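Here's a quick walk through one chain, with the cut-offs spelled out along the way. Have a look at the fold before reading on.

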Amino acid sequence: MIGMLWSFLNQSLKNALSSAGIRLESEFKVSEIVEGENEVTVVAEDGRKESGGFVIGCDGINSVVRTSILNSHGLPLEPVDFTGIVQVRLPTLFL
């Protein structure tokens, strides 16, 4: 297990996405998620829309993404209380 600053992990993930040619949307405040048969569309508070095959919500413990998806499927919104440390094996690109 290794410890690292959040800023280092955040920048490492951004660099990995960029190197893989994956566009990252930041500062995109989600207001709604619309699931279709073959795609999902995320709508921002300012009206912008992004569609794709799946959504990865990295918006924290009070996740709008999680709430929206659970609500759309009629599932209960259970409180989240885990904010601890997890041990992972990282690929060498992060070391």
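Which residues of helix H2 (residues 64-72) are buried? They are Val 65, Ser 68 and Leu 70, where buried means under 20% relative accessible area, exposed over 50%, and partly exposed in between (1.4 Å probe, protein chains only). Strand E1 (30-35) is among what covers them, and contact here means heavy atoms within 4.5 Å.

Some ground rules: this is a predicted model, where local features need pLDDT of at least 70 and side-chain atom pairs count only at pLDDT 80 or more, while totals for chains, interfaces and linings use all residues. Residues are numbered from 1 along each chain as its sequence is written, and side-chain values use heavy atoms, with hydrogens and water left out.

Back to H2 and its ends. Ser 63 caps the N-terminal end of H2, with a side-chain oxygen 3.3 Å from the backbone nitrogen of Val 65. After H2 comes Gly 74, which has a positive phi near 70°.

Zooming out, the chain has 2 helices and 3 strands, in the order α-β-β-β-α from the N terminus. Helices (H or I, at least four residues) and strands (E, at least two) are DSSP runs, numbered from the N terminus. Of the 95 residues in the chain, 15% are buried. The chain exposes about 7800 Å², with carbon and sulfur atoms supplying 55% of that; the areas come from the Shrake-Rupley method with a 1.4 Å probe, and for residues only the protein chains shown count as cover.

Now for the charged pairs. The structure holds 2 salt bridges, each being a side-chain nitrogen of Lys or Arg within 4 Å of a carboxyl oxygen of Asp or Glu.

| Salt bridge | N to O distance |
|---|---|
| Arg 23 and Glu 50 | 2.7 Å |
| Asp 46 and Arg 48 | 2.9 Å |

Take the pair of Arg 23 and Glu 50, joined by a salt bridge. Arg 23 sits in the loop between helix H1 (6-19) and E1, and Glu 50 in strand E3 (residues 49-52), so the pair ties together parts that are 27 residues apart in sequence. Arg 23 is exposed at 58% relative accessibility, whereas Glu 50 is partly exposed at 27%. In the other pair, Asp 46 is exposed at 52% and Arg 48 partly exposed at 32%.

Last stop: Thr 41, in strand E2 (residues 40-44). Thr 41 is buried, at 14% relative accessible area. Leaving out residues up to four places away in sequence, Thr 41 touches several others, including Ile 33, Val 34 and Glu 50.

Note on methods: Polar contact = N/O pair within 3.5 Å; in protein donor to acceptor, adjacent residues only side chain to side chain.
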